[in-house]
Amino acid sequence: MTPVAAATPTGLDVEAVRRDFPALHQQVHGRPLVYLDNAATTQRPRQVIGEIVRFYEQDNANIHRGVHLLSERATKLYEGAREKVRAALNATLAREIIFVRGTTEAINLVAQTFGRANLGPGDEILVSAMEHHSDIVPWQMICQERGAALRVIPVDDRGDLILEELERLLSPRVKLAAVVHVSNALGTVNPIRQITALARAHGVPVLVDGAQAMAHMAVDVRELDVDFYAFSAHKMCGPTGVGVLYGKSHLLETMPPWQGGGDMIRSVTFEKTTYNTLPHRFEAGTPDIAGVIGLGAAIDYLHGIGLSRIAAHEDAVLAHGLAALSEIPGLRLIGTPRRRAGVISFVLDGIHPHDIGTILDREGIAIRTGHHCAQPVMQRFGIPATARASLALYSTREELDALARGLRRVLEVFA
Ligand code: 7TS
């Protein structure tokens with residue numbers, strides 16, 4: 001008998017992938033779980049969970065300080081994860097990879113070091129109108145402290161950045177532009193290569209918030225020519241509490257340290273402290289060692305499957321979902337960008353997004369509702385909130401069909 005080909009036309013065997021994720025196989029309110037809240041956090045595969053357990057059971061020790069074998073093993077695994085991140089991003093040097101708590105901390109680090117060192121009265125930071133609060137508030141805080149101003153690159157009605165406006169805003173006053181790679185509220189994939197080319201022409205460094213990109217597409221920081229790139233492990237099948245700041249070494253070298261403490265110093269006396277080299281200068285204190293190792297396992301997992309296969313699969317599921325949702329009466333998409341990844345944000349005529357979320361939950365369908373920590377972009381579209389379905393590599397067409405059925409149920413309830 002010929003075996004039935006399990007792989008989809010995109011080459012990703014989604015059922016095999018799903019078997020790797022224990023949390024997907026459960027009932028919610030008596031219905032099979034349909035997990036469509038991946039932009040908030042993805043689920044973790046056994047390969048990641050197993051590696052974290054294995055580390056704690058066999059290698060657990062502090063890093064960079066012990067002469068004993070367990071500490072050497074832990075250090076090797078931790079620094080091995082740094083090399084995995086370097087390779088995944090195609091960064092030039094492992095010391096350009098700083099481990100932090102997540103995207104939020106990565107951006108705060110740049111604001112508090114690069115920002116504090118480079119901003120003065122009259123200077124400007126550019127952010128886009130579709131940024132997550134974590135790529136707005138840290139800049140607002142440092143601008144306020146330094147007497148600098150925050151300027152906003154507007155978005156059009158589709159939810160695409162208006163690049164002509166970016167060009168207009170670029171000037172010698174601008175010290176940095178901070179832009180999201182993939183919007184968590186609209187799904188927009190921003191043309192980062194074009195943005196960095198424009199900024200480069202004015203000598204302006206670019207920070208990219210990659211929180212929503214890393215699980216959905218191959219990211220090459222050299223090809224994109226970004227100066228800083230921030231992301232969180234938990235949005236790419238890794239653990240919570242860990243993330244990465246990539247920075248070009250020539251910029252990181254000039255940035256003053258942020259947090260003081262162990263591991264970030266070379267020598268300390270009460271009179272004077274000299275600081276460690278990169279990347280340790282920015283990693284004060286004991287980090288989340290198991291988390292970093294888990295991130296390494298998540299990278300192995302995603303890259304083992306292949307980011308291009310994942311992207312092709314998700315694109316197909318997205319297209320299927322958008323077609324299914326287009327048949328729901330009264331449904332309006334918020335964000336119809338030229339290029340979309342992972343996220344479908346929408347409103348239903350006369351029905352509050354929270355009610356949509358609550359009714360869908362009773363059907364076993366997990367989505368997020370609210371402003372998605374991107375209040376300014378909600379204001380741009382004149383709404384307080386949306387309902388948002390967000391995908392991962394294990395999402396299926398059937399799950400998007402279930403979402404469409406669930407939304408018809410919502411309409412019945414409110415009929
Ligand atoms: N940037 C973007 C684009 C995000 O989507 C998020 C989290 C962050 C930054 C912050 O990441 P953290 O890991 O430091 O918290 N976004 C979401 C979301 O869409 N729903 O819950 C969290």
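Q: How far is a nitrogen atom of the ligand from an N or O atom in the side chain of H132?

A: The gap between that ligand nitrogen and a side-chain N or O atom of H132 is 3.4 Å. A polar contact here is a pair of N or O atoms within 3.5 Å. This is a predicted model, where local features need pLDDT of at least 70 and side-chain atom pairs 80 or more, while totals for chains, interfaces and linings use all residues. Residues are numbered from 1 along each chain as its sequence is written, and side-chain values use heavy atoms, leaving out hydrogens and water.

Q: And what about N184 and H234?

A: A side-chain N or O atom of N184 is 2.8 Å from an oxygen atom of the ligand. For H234, a polar side-chain atom lies 2.7 Å from a ligand oxygen.

Q: How much of the ligand does the protein bury?

A: The protein buries 87% of the 490 Å² that the ligand exposes when taken alone (Shrake-Rupley method, 1.4 Å probe).

Q: Switching to helix 11, which residues are buried?

A: They are L307, I310, A311, H313, E314, V317, L318, G321, A324 and L325. Buried means under 20% relative accessible area, with a 1.4 Å probe and protein chains only.

Q: Where do they sit around the axis?

A: Seen down the axis of helix 11, the buried residues fall within an arc of 165 degrees (taken from the directions from the axis to the C-beta atoms), so they line one face.

Q: What do they pack against?

A: Helix 1, helix 10, strand 13, strand 14 and helix 14.

Q: Which residues of helix 14 are buried?

A: E399, L400, A402, L403, A404, G406, L407 and V410.

Methods
Buried < 20%, exposed > 50% of the residue type's maximum accessible area, 1.4 Å probe, protein only. Helix = DSSP H or I, 4+ residues; strand = E, 2+ residues; numbered from the N terminus. Contact = heavy atoms within 4.5 Å. Polar contact = N/O pair within 3.5 Å; in protein donor to acceptor, adjacent residues only side chain to side chain.
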